[in-house]
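Please keep the model in view while going through them.

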Amino acid sequence: MAEGFAVLAGLVVLVHLAFVLFAAAGALLALRWRWVPWVHVPAAAWAVSIEFSGGICPLTPLENDLRAKAGLDDYGGDFVARYL
């Protein structure tokens with residue numbers, strides 16, 4: 001059962017990383033697809049507000065909870081500081 005939680009934690013990391021990359025570079029996709037700004041602008045605003053307010057994205061506690069249930073060490077701080 002712990003393996004399942006570890007896999008889920010890994011999936012949360014991948015989703016989180018995809019979000020960070022989209023928030024940082026999604027504007028480049030807007031050059032190709034006209035609908036992208038409707039998704040990118042709110043995503044970028046969320047990412048900027050979380051980073052500059054010192055807040056924690058809800059995906060970070062979710063990942064830590066899944067890691068703890070898998071018997072892995074969790075981490076303090078934020079996703080960007082740990083992985084990027």
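This is a predicted model: local features need pLDDT of at least 70, side-chain atom pairs count only at pLDDT 80 or more; totals for chains, interfaces and linings use all residues.

1. Overall composition. The chain has 4 helices and 0 strands. In sequence order, its pattern reads α-α-α-α. The C-alpha trace spans about 45 × 25 × 20 Å along its principal axes.

2. Interior and surface. Of the 84 residues in the chain, 24% are buried. The chain exposes about 5700 Å², and 70% of that area is supplied by carbon and sulfur atoms.

3. The length of α2. With 18 residues at 1.5 Å a residue, α2 should span 26 Å. Its end C-alpha atoms are 25 Å apart, which agrees with that expectation. Seen down the axis of α2, the buried residues fall within an arc of 135 degrees, so they line one face of the helix.

4. The two sides of α2. The buried residues in this helix are V36, H40, A43, A44 and I50. They pack against α1. The face turned away from the buried side carries W38, V41, F52 and S53, which are exposed.

5. H40 counts as buried because its relative accessibility is 12%, and the cut-off for buried is under 20%. When neighbours within four places in sequence are left aside, H40 is in contact with F22, A23, G26 and A27.

6. C57 is found in the loop between α2 and α3. Its relative accessible area is 12%, so C57 is buried. Leaving aside neighbours within four places in sequence, C57 is in contact with H16, W46 and I50. One of these, I50, is also among the buried residues of α2. By contrast, C57 and A2 are 55 residues apart in sequence, and their C-alpha atoms are 24 Å apart in space.

7. A nonpolar patch. L29, W33, W35, W38 and V39 make a nonpolar surface patch of about 620 Å². One of them, W33, is found in the loop between α1 (2–30) and α2. With a relative accessible area of 40%, W33 is partly exposed. Another member of the patch, W38, is listed among the exposed residues on the face of α2 turned away from its buried side.

8. The salt bridge. How many salt bridges does the structure hold? The structure holds 1 salt bridge. The side chains of K69 and D65 meet in it, with a distance of 3.4 Å from N to O. Side chains of opposite charge can pair when their charged atoms come close. K69 and D65 both lie in helix α3 (residues 59–69), where they are 4 residues apart, about one turn of the helix. K69 counts as partly exposed, because its relative accessibility is 47%. D65 also counts as partly exposed, at 35% relative accessibility.

Notes:
Residues are numbered from 1 along each chain as its sequence is written. Side-chain values use heavy atoms; hydrogens and water are left out. Buried means under 20% relative accessible area, exposed over 50%, partly exposed in between (1.4 Å probe, protein chains only). Contact means heavy atoms within 4.5 Å. A salt bridge is a side-chain nitrogen of Lys or Arg within 4 Å of a carboxyl oxygen of Asp or Glu. Patches are made of residues with over 30% relative accessible area and no salt bridge: like charges are joined within 9 Å, nonpolar side chains (Val, Leu, Ile, Met, Phe, Trp, Tyr) within 5 Å. Accessible areas come from the Shrake-Rupley method with a 1.4 Å probe; for residues, only the protein chains shown count as cover. The expected span of a helix is 1.5 Å times one less than its number of residues. The arc is that of the directions from the helix axis to the C-beta atoms.
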